[in-house]
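Please read it next to the sequence and the structure.

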Amino acid sequence: QEGLLMLAGSTGGDALLTGTDVAGFVGQSLSGSAGYYSLGFAPRDRTEGAIHGIQVKAKGGVKLRHRSSYVTKTGLGRLADRAVGALTLGWVDNPHQLEIHLDKENRAEDGNWDVSLIVQFPIRVLELEAGEGVHRAVGKVAVVVLNSRGELSRPQFMDLPLQIPDAELETARGQHFGARVNLRLPPGPQQVAIGLWDEAAQSGSFISREIDVGS
């Protein structure tokens with residue numbers, strides 16, 4: 001019981017382990033949720049994997065419950081988390097005008113399907129870094145799939161292999177960049193999420209799309 005109480009308390013929650021007043025506990029929890037605030041901050045220490053304690057103070061005798069610590073995630077971890085959010089919560093943020101297109105699908109010997117997707121977006125929306133006669137994109141793409149069996153895939157990551165010679169930059173800004181993503185999926189409806197992180201601009205886009213494999 002002590003372990004469960006510590007788990008609830010360290011994440012800002014409450015626990016009911018004994019007693020019969022379940023309705024009272026649920027009512028108290030619902031009442032407390034009406035006074036929740038979502039607070040965010042940018043930590044100064046960005047050491048990946050480090051554990052940081054959290055302290056929250058308020059005036060006026062307010063009772064506070066909040067998580068007691070957090071672990072700094074890697075950039076790829078944050079990118080994957082936000083892609084999963086687009087997948088499971090339907091949350092979309094798409095300043096880079098990402099699009100997903102189904103390219104090819106072929107039945108594999110194991111009964112699954114090899115699916116090829118095209119991810120594309122306008123080059124003009126990227127913040128390109130100049131150097132040594134070329135402008136290059138610095139960023140990552142994450143792909144996560146919720147398949148027809150309700151299984152969430154491990155995130156796949158790829159770099160943005162985009163380098164444009166200085167002389168071709170103006171022409172390229174009027175074009176689209178496209179990358180192929182190859183997946184092996186079971187037949188049936190799949191939910192695919194794509195996350196793009198533009199490191200130079202410190203901005204990202206996250207979308208999801210349903211595809212019906214082998215239909």
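The structure holds 4 salt bridges, a salt bridge being a side-chain nitrogen of Lys or Arg within 4 Å of a carboxyl oxygen of Asp or Glu. The structure also holds 1 aromatic pair, and its largest nonpolar core has 30 residues. This is a predicted model, in which local features need pLDDT of at least 70 and side-chain atom pairs count only at pLDDT 80 or more, while totals for chains, interfaces and linings use all residues. Residues are numbered from 1 along each chain as its sequence is written, and side-chain values use heavy atoms, with hydrogens and water left out.

**Salt bridges**

- Arg-180 and Asp-103 are joined through their side chains in a salt bridge of 2.9 Å, N to O. This pair links distant parts of the chain, with Arg-180 in strand β10 (residues 176–185) and Asp-103 in strand β3 (residues 99–107), 77 residues apart. Strands (E, at least two residues) and helices (H or I, at least four) are DSSP runs, numbered from the N terminus.
- Arg-180 is partly exposed at a relative accessible area of 47%, and Asp-103 is partly exposed at 33%. Buried means under 20% relative accessible area, exposed means over 50%, and partly exposed lies in between (1.4 Å probe, protein chains only).
- Asp-114 forms a salt bridge with Arg-184, and their closest N and O atoms are 2.8 Å apart. Arg-184 lies in strand β10 and Asp-114 in strand β4 (residues 113–122), so this pair ties together parts that are 70 residues apart in sequence.
- Arg-184 counts as partly exposed, with 48% relative accessibility, and Asp-114 is partly exposed, with a relative accessible area of 31%.
- Lys-140 and Asp-159 meet through their side chains in a salt bridge of 2.4 Å, N to O. Here too the pair links distant parts of the chain, with Asp-159 in strand β8 (residues 156–159) and Lys-140 in strand β7 (residues 139–146), 19 residues apart.
- Asp-159 is partly exposed, with a relative accessible area of 45%, and Lys-140 counts as partly exposed at 30% relative accessibility.

**Nonpolar core and aromatic pair**

- Within the largest nonpolar core, the residues with the most contacts are Leu-160, Leu-162 and Ile-194. A nonpolar core is a set of buried Ala, Val, Leu, Ile, Met, Phe, Trp, Tyr and Cys residues joined through side-chain atoms within 4.5 Å.
- Two or more residues of this core come from each of β4, β7, α4 (169–172), β10, β11 (188–198) and β12 (203–213).
- Not counting residues up to four places away in sequence, Leu-162 touches Ile-123, Leu-126, Leu-128, His-135, Arg-136, Ala-137 and Phe-177. Contact means heavy atoms within 4.5 Å.
- The structure holds 1 aromatic pair. The rings of Phe-121 and Phe-177 have their centres 5.5 Å apart and their planes at 45°, so the pair is tilted. Rings of Phe, Tyr and Trp (its six-membered ring) pair if their centres lie within 6.5 Å; planes under 30 degrees apart count as stacked, over 60 as edge-to-face and the rest as tilted.
- Phe-121 lies in strand β4 and Phe-177 in strand β10, so the pair ties together parts that are 56 residues apart in sequence. Both Phe-121 and Phe-177 are buried.

**Loop between α3 and β3**

- His-96 lies in the loop between α3 (75–89) and β3 and is buried, with a relative accessible area of 2%.
- Apart from neighbours within four places in sequence, His-96 is in contact with Phe-121, Pro-122, Val-125, Leu-126, Leu-196, Asp-198, Ser-203, Gly-204 and Ser-205.
- Gln-97 is also placed in the loop between α3 and β3. Gln-97 is not a glycine, yet has a positive phi of about 60°, and is partly exposed, with a relative accessible area of 37%.

**Loop between β5 and β6**

- Glu-132 is found in the loop between β5 (129–131) and β6 (134–136). Phi of Glu-132 is positive, near 55°, in a residue other than glycine.
- Glu-132 counts as exposed, at 81% relative accessibility.

**Surface patch**

- A nonpolar patch on the surface is formed by Tyr-37, Leu-39, Val-56, Val-62 and Leu-64, with about 550 Å² of accessible area together. Patches are made of residues with over 30% relative accessible area and no salt bridge, with like charges joined within 9 Å and nonpolar side chains (Val, Leu, Ile, Met, Phe, Trp, Tyr) within 5 Å. Accessible areas come from the Shrake-Rupley method with a 1.4 Å probe, and for residues only the protein chains shown count as cover.
- Tyr-37 lies in the loop between α2 (22–33) and β1 (51–53) and is exposed, with a relative accessible area of 76%.
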